[in-house]
Every structure is written in structure tokens, then in C-alpha cells.
Amino acid sequence: MRLSWPGIFGSCRVPIRRAMRTPSLRSPPPPEDFAVVIGGKAVGGIGLAPGTDVGRFNAGIGCRIGASYRGVMTAAVARAAEWVFANTPIIRIFAAAYVSNPASQRVLDKAGFRFVGTMHRAFVGNGAFVDGCYYELLK
């Protein structure tokens, strides 16, 4: 497995999108989308969405991976969090998972995120409101 962040698994860097400005303490870093690469093939992705204004030192993180690559996302999320804390002013990363998706909850647990609580009727899935589990990781 190789992630597209520099210095993690080789020097390959494949951002899907990257703003052309330097983050500062006054403005949030630009959104980042990175590929999870295995055997030279992008098999998943991780996205970072920094907050704005009073939440500018927070960022949401989301991830997706192909079903046949089970077990890869925990390491990818943990390394993504390391990269975020080392390369941006972000001090808190948050994530959410459907209550009905224990695999995503386990990824966050194993990557070091702390369960904060359940958000009732927080998402819409298959046309119905569903509950979500909220997680955070502090620098």
C-alpha cells in the first residue's frame, strides 16, 4: 500500500485537487483529496475539509475504499491524520459514520479517534433519516 502523501510510502504525491495558496493561522488550509494507492492502482481516497472562521483549526475527514481492499483504510486514515497535524495548523480532526456501519466505526477507533457521541437523525440514507456516530482526534 502506498498513500499519496510525501514521505509516507515513497515520494509519490498525487493530489486530486490542491489550492495554490499557503495556509496561515488566519485562514484554513485548502481542502485536500488524496488517493490510496496499492500496486500502482488508486483503490480508495481520503478527503480533508478544513473548517472556516471560528472552526478554522478543525477539519472533517472522510474516506472510501474498494470492498476488496479490506484492512487498508485504518492505516491510511492514521497516516492521513499524522500528515494533517504535521503539515497544517489543524488541531482537531472529526469524522462521522452511520450507526449501521460498524466497519467504518472500527476504522476510526483503530486509527486513534475517540467516540464523542451519537447524532440522531443526522444523515439521509436510502431516503430515510439515520443516526450517526461522531468521532474526533486531537493533535
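Two strands count as paired if DSSP finds at least two bridges between them, and helices (H or I, at least four residues) and strands (E, at least two) are DSSP runs numbered from the N terminus. The model shown in these views is predicted, so that local features need pLDDT of at least 70 and side-chain atom pairs count only at pLDDT 80 or more, whereas totals for chains, interfaces and linings use all residues. Residues are numbered from 1 along each chain as its sequence is written, and side-chain values use heavy atoms, with hydrogens and water left out.

**View 1. The E7–E8 hairpin and its turn.** Strands E7 and E8 form a hairpin with 2 residues between them, and the two strands pair in the antiparallel sense over 8 bridges. Glycine 125 stands opposite alanine 128 in E8. Asparagine 126, in the loop between strand E7 (114-125) and E8, has a positive phi of about 55 degrees although it is not a glycine. Asparagine 126 is exposed, with a relative accessible area of 87% (buried means under 20% relative accessible area, exposed over 50%, and partly exposed in between, with a 1.4 Å probe and protein chains only).

**View 2. The loop between E4 and E5.** Aspartate 53 is placed in this loop, and its phi is near 50 degrees, a positive value in a residue other than glycine. Aspartate 53 is exposed, with a relative accessible area of 58%.

**View 3. Strand E6 beside strand E8.** E6 and E8 pair in the antiparallel sense over 7 bridges, and the bridge partner of alanine 96 is tyrosine 134 in E8.

**View 4. The largest nonpolar core.** This core (a set of buried Ala, Val, Leu, Ile, Met, Phe, Trp, Tyr and Cys residues joined through side-chain atoms within 4.5 Å) has 26 residues, and those with the most contacts inside it are Val36, Ile46, Ile61, Met73, Val77, Ile93 and Phe113. Among the elements that give two or more residues to the core are strand E3 (32-38), strand E4 (41-50), helix H1 (73-87) and strand E6 (92-98), and H1 gives the most, with 8 residues. Isoleucine 93 touches, among others, Ile61, Val84, Phe113 and Leu137, not counting residues up to four places away in sequence (contact means heavy atoms within 4.5 Å). In soluble globular proteins, nonpolar side chains tend to be buried together.

**View 5. Threonine 74 in helix H1.** Threonine 74 is found in H1 and is buried, with a relative accessible area of 16%. Leaving aside neighbours within four places in sequence, threonine 74 is in contact with Val107, Lys110 and Ala111.

**View 6. The largest pocket.** About 770 Å³ of space lies in this pocket (an open set of points on a 1 Å grid over the protein atoms alone, where a 1.4 Å probe fits, with protein on both sides within 12 Å along at least five of seven lines; lining residues have an atom within 4 Å of a point). The pocket is lined by 25 residues, of which Met73, Asn101, Ala103, Ser104 and Val107 lie nearest its centre. E5, H1, E6 and H2 each supply at least two residues of the lining, and H2 gives the most, with 6 residues.

Technical notes: Grid points are joined across faces, edges and corners, and a volume is the space filled by probe spheres set on the points.
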